[in-house]
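Q: I have a structure open and want to learn how to read it. Can we go through it one feature at a time?

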Amino acid sequence: MTKKILILLFILIPIKANALIEVDITRGNLNPLPLAVSPLSIDEESRKGFEKILKKENIGSEISNIVENNLRTSGLFNPLDKKAFLQAPDIANLKPRFEDWNLIKAQALITGKVNYVDDKLRVEFRLWDVLAAKEMMALAFTTVPNNWRRVGHIISDKVYERLTGEKGYFDTRIIYVSEEGPKTQRIKKLAIMDQDGANNKFLTLGNELVLTPRFNPASQMVTYLSYFKNMPRVYLLDIETGTQEVVGDFPGMTFAPRFSPDGKKIIMSFAKDGKSDIYTMDLENRIVEKITNHPSIDTSPSYSPDGKYITFNSDRSGYQQIYVMKNDGSDVKRISFGNGLYGTPVWSPRGDLIAFTKLHKGKFYIGVMRTDGSGERLLTENYYQEAPSWSPNGRVLIFYRETKTNSKGEGFSAKLWSIDLTGYNEREIKTPTDASDPSWSSLLSN
Amino acid sequence: MRLNKILKNTLLVLMACLALTACATKKEVSNVQGQMQGDVYTGTDTVEYLADGVPDRVFFATNESILTTASRETLRAQAGWLRKNPSINVVLEGHADERGTREYNLALGERRANAAKDYLMTYGISSDRITVLSYGKERPVDSGSNPLAWSKNRRSVTVKAN
Amino acid sequence: MNRSLIISSVLHALLIFITAMSLPFLAKKPLDIPPIVSVELIQIAEKTNIPFAPKAKKIIEKVKEKEKKLVSEQAPPKKIEKTKTKTVLAPDQNNKKIENETPEAIPLPDKTLKKVETKEEKKQNPEKVDDEVKQVSEFEKKDLFDPNNIAALIDKSKEESAEVLKTNDDITQDQERNVENTGLTLSEEDALKAQIFGCWSIPLGLPYNENLLVRIKLKLKPDGTVSKTEILDHARMNKPGQGFYKVLAESALRAVKLCQPLRVPTTGYERWKELQLNFDAREMLEG
């Protein structure tokens, strides 16, 4: 008995007398994480093999350049200058000398090697935690040599996911409208490119006006608006086969198309007699459903990722504002109440935010708000910008920006820009021509 | 005493401000004189004619699709011309300025062209003869980035279809 | 036209006159401007295009300088190795398990290279690389996921804390007076916080609306170097769907390592030889 009491005292006293000092760390820096991307090592025989096929002198360096560029543009990482690296790539991949990497302030290290095996490209890579001196992940890929860029993107995605906790967005493509010619007679074509601007390709010839292409989140299909035969209609395009078809049979203009999250429906606006309402069409059974019925303009619909709700743009209050309703059109609620006009609501793939365009006092803003309209945050302000589209992980928005013309009406341009949710990391995405209406694909590989 | 001084000073500054504003507005009005009323374009720079005395287009205020008195006059002339030429069908092309999102502007253009169509119909033109088409902000007539250019672009144009 | 010109110039002249008149009057009464109080704005404003407080950067630079010194003075590769195996042991094992659990990474129990080739152009199958590089012996034989191991780990942590309590008890007996004065003073705490703020790169991809609090217990040497780190809820690192927690925990550990030696008070070692850091990124992520 006394023993027990003694033990009890023994335990109680120190807790009471010497509570552990706690320090709350609620702030950190938003500086990009410094990391080293060591060039992928390659043996001489493999190097020559790839040089022959791909016309690239050192495919190992090329792939690591892609990784480095992706991580840098994400704004979350700071790839360090290769000149400062102390360890050779091949040795680093076997066993990094962490002190060396620590010395140049790298917190993470990417190493790897490339092999030419049976006419195939084999890439393995490792991610190391320099400060903890341990390996964080190791993966290998085998593919046809022509896919080397995608290998770079997939490695970037894996590293991004391991270090940030959420999926990456690098192995993706962007479809957009390429623009050329004077402002009063723009020639517009559908174009597609990799997320980093490589592999740009035109999908239409520019004979008719095309607008607002959007990716199907579940396949390589695109829906867009075409003025084919001067009849503005929503079309469906299969990127793989190139086949096109008109969506539904409407006696008027259909526009503002977007896919449902499962890719099985198209939601769009149909304008007739001065009013625009929102409709859906099931792509399998072609059944058309009317979702809104109001004399106002209801447009720019976008599904929530679970498909249960729809956000859209309406001027039923007198001016353009953002609304949310259930997917059958019931329970319509206005969610934007700030000063100005609100348009182009797009639901984040994460489900927590809605991105929008705002017009206030002659300026255009891209912003985000929670799905109940609270927590409005404006990320960027400009003379003209609109049409945000989410990266598949819901972290970055791509949109387009137009410049003001001078007094003679010259100097017009339209460019693609991206900004991440913090609003810090804004950058132009270079395109061969002027560009607008970007839409981000889902991850091509999972 | 001091209060009096302050009051006097305030008055002086106020007067000065008034003088200045008078100056500024006067200048601006003379700049766009005869081209805009409110923010509706009233000029004739871009207007073409379907026939003698029949202008082809009407203009709208920002974000509006209401026909102005001048617009109604134009449309009445068009209706008369259409009655005289029963074989002619028309397309009403609705447009918006560049200061709006693309999709909303497509709808707005449709609404504007439709306002014109409704008016023509009340003057006895059959809806079979009229097609409505919206270009949103895709086909501006003036590429400028100023209120005057925008006012020229907010329009519904009647085009012969055959 | 002429008339309006005249009116305009008359009014302008009047304006200039009035201004000239009123200015000296204003000059007579110098405004009593209070001294400017500089306030560091932490809250990110409605429109966020401004880079984060330069203060943090300065701190980092200072820390980096200190680190340089440390490296040159002590150069302790062996030491690091030792502490690593001891302290990070538990999380390491856990990481390993999580990796093996994830379906995308194919575990290789027999440690042979498994080649998955795709003939289709558009798909690659990731495969796990052979662990030829792994030199740390603890990792071996831990490849298979065993729920009992978690329990073992939890038990172990209890044992550890019990040990800690014992040692604490010794201290209290030795230096009872110091004990009453527990806790750091505000300035001491601020110095430490400011240092760690600068070292901690917040993983920006984390969700702001989840309860992500990582508590780390540190054992410190008198010079502020860390001799032992322990994640208090490390069982959570094992749980599926806690990927965010793991990422945050790893970033917190990096921050502690990067910040060494910690800016601790010069006196009262017994007070702070053990410290608990609570890393909470919500305030920053909510932005």
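A: Start with burial. A residue is buried if 20 or more other C-beta atoms lie within 10 Å of its own, and exposed if 12 or fewer do. Keep in mind that this is a predicted model.

Q: Which residues of H3(A) are buried?
A: Go along the helix. A:Ile59, A:Gly60, A:Ile63, A:Ser64 and A:Ile66 are among the buried ones. Across chain A, buried residues make up 54% of the 446 residues.

Q: How many residues does H3(A) have, and what span does it reach?
A: H3(A) has 15 residues. From its first C-alpha to its last it reaches 21 Å, close to the 21 Å expected at 1.5 Å a residue. After H3(A) comes A:Gly75, with a positive phi near 80°.

Q: Which residue other than glycine has a positive phi near 60°?
A: That is A:Lys55. A:Lys55 sits in the loop between helix H2 (44-54) and H3 of chain A.

Q: Why does A:Lys55 count as exposed?
A: Count its neighbours. A:Lys55 is exposed because it has 7 C-beta neighbours inside 10 Å. Now try A:Asp331, where phi is near 65°, again positive in a residue other than glycine. A:Asp331 lies in the loop between strand E21 (321-326) and strand E22 (333-334) of chain A. With 9 other C-beta atoms within 10 Å, A:Asp331 is exposed.

Q: What does the domain assignment give for chain A?
A: Domain 1 covers 33-164 and domain 2 covers 173-440. Their C-alpha centres lie 36 Å apart. The contact takes five residues from domain 1 of chain A and seven residues from domain 2 of chain A.

Q: Which helix gives the most to the side of domain 1 of chain A that touches domain 2 of chain A?
A: Helix H3 (residues 59-73) of chain A, with three residues. Next, sort that side of domain 1 by residue type. It has no nonpolar, four polar and one charged residue.

Q: What is the overall make-up of chain A?
A: Its secondary structure comes to six helices and 31 strands. The C-alpha atoms fill a box of roughly 85 × 75 × 50 Å, taken along the principal axes.

Q: How do strands of a sheet pair?
A: They pair through backbone hydrogen bonds, either parallel or antiparallel. Here is a case. An open sheet of four strands runs in the order E1(A)-E4(C)-E2(C)-E3(C), with mixed pairing. Strand E1 (21-25) of chain A and strand E3 (226-231) of chain C are the edge strands, each pairing on one side only. From one strand to the next, the twist averages 25°.

Q: In which sense do strand E2 (residues 213-220) of chain C and E3(C) pair?
A: Antiparallel, over five bridges. C:Leu218 has C:Thr229 in E3(C) as its bridge partner.

Q: Which strands does helix H7 (residues 186-199) of chain C touch as it packs on the sheet?
A: It touches E1 of chain A together with strand E4 (274-280) of chain C.

Q: Is the peptide bond from C:Gln260 to C:Pro261 cis or trans?
A: It is cis, with omega near -10°. C:Pro261 is in the loop between H8 and helix H9 (269-272) of chain C.

Notes: Residues numbered from 1 in each chain as written. Chains lettered and ligands numbered in written order. Predicted model: local features only at pLDDT ≥ 70, side-chain atom pairs only at ≥ 80, totals over all residues. Domains from an automatic or database assignment. Contact = placed C-beta atoms within 7 Å. Helix = DSSP H or I, 4+ residues; strand = E, 2+ residues; numbered from the N terminus. Nonpolar A, V, L, I, M, F, W, Y, C, P; charged D, E, K, R; others polar. Expected span 1.5 Å × (residues − 1). Pairing = 2+ DSSP bridges. Axes fitted to C-alpha atoms, helices over the stretch in contact; angles between N-to-C directions.
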